[in-house]
Amino acid sequence: MIPSEITESIEAWLLWQQQIQPFLFNESFQAEIRSVITEETGRIFQESEVFPLSVPGLTKNAPAAKNAAEPIDESLPPLERVRVKAEKCSACRLGAKRTKLVFGEGNPDADIMFVGEGPGEDEDLSGRPFVGKAGQLLTKIIENGMKIPREQVYIANIVKCRPPANRDPMPDEAQCCIGFLKEQIRIVNPKVLILLGKVATRYLLGLEGAITRARESTYEYEGIKVFVTYHPSALLRNESYKRPVWEDIKKVMKYLGMM
Ligand code: SF4
């Protein structure tokens, strides 16, 4: 009997070929969707005993799985141990295409932890979170607005590898990766979490909908106070978000007794 994952995969291919592809005229968008479907279908087929096929272009995850089983040096600091695990991870399709893993960085005892969605091109190349234009804006918010050095906070993302063409992480990618972030939050144990944008808000709090609405309230995650604001890249696209972001940052500063 053919497992349901495989029949669903075949159905996805047929749907793509017969009903979606003919109506998409943007070639790079076509290529993007094709690559996602190919990889996911290939992974399911490769892991299946029914169709042990080899799919061209698909990175086999066997070596990473073998590395992942190797013991981790227990003398490393807790965050470094999680980083080592993440460095070996190929649990979702994003791992095959990363240049560098973007684990997160900052003060391991930070009071403030920012969570974004995932690395962009600059971050993928450097292995550091928030270093592109949006990252420079975040640094300004921290250093000029909050008047603390960036090194004093901790910064991480929902996914640790770059989604192609800077698309949002897909639900299965976020679910695969979020365990690393949860470990980071548990270890850093900040006084506040600041979620940047809808992706972080969706996957950490389970909230759908507009940030405009979400930022009106505060939340709790594992006993930590959570604030929601716009992602700095949204700020780059729309200057009118400047004032609400500053209002959100002031709320955080008041909560922490910084003003
Ligand atoms: S995005 Fe996360 S789950 Fe996916 S391969 Fe990278 S580290 Fe692993």
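How many helices and strands does the secondary structure of the protein chain come to? The chain has 11 helices and 6 strands, taken as DSSP runs (H or I of at least four residues for helices, E of at least two for strands) numbered from the N terminus. The model is predicted, with local features requiring pLDDT of at least 70 and side-chain atom pairs pLDDT 80 or more, while totals for chains, interfaces and linings use all residues. Residues are numbered from 1 along each chain as its sequence is written.

Of the 259 residues of the protein chain, 34% count as buried (20 or more other C-beta atoms, placed from the backbone, within 10 Å of the residue's own; exposed denotes 12 or fewer, partly exposed the range in between).

Helix α6 comprises the 13 residues 133–145. At 1.5 Å a residue, this helix should span 18 Å, and its end C-alpha atoms are 17 Å apart, which agrees; the expected span is 1.5 Å times one less than the number of residues. Within α6, A134, G135, L138, I141 and I142 are buried. Seen down the axis of α6, the buried residues fall within an arc of 115°, so they line one face of the helix; the arc is that of the directions from the helix axis to the C-beta atoms. The face turned away from the buried side carries the exposed residues K140 and N144. The cover over the buried residues of α6 includes β2 (112–116), α10 (232–237) and α11 (242–255), with contact defined as C-beta atoms, placed from the backbone, within 7 Å. Just after α6, K147 adopts a positive phi of about 60°.

Note on methods. Two residues are in contact if their C-beta atoms, placed from the backbone, lie within 7 Å.
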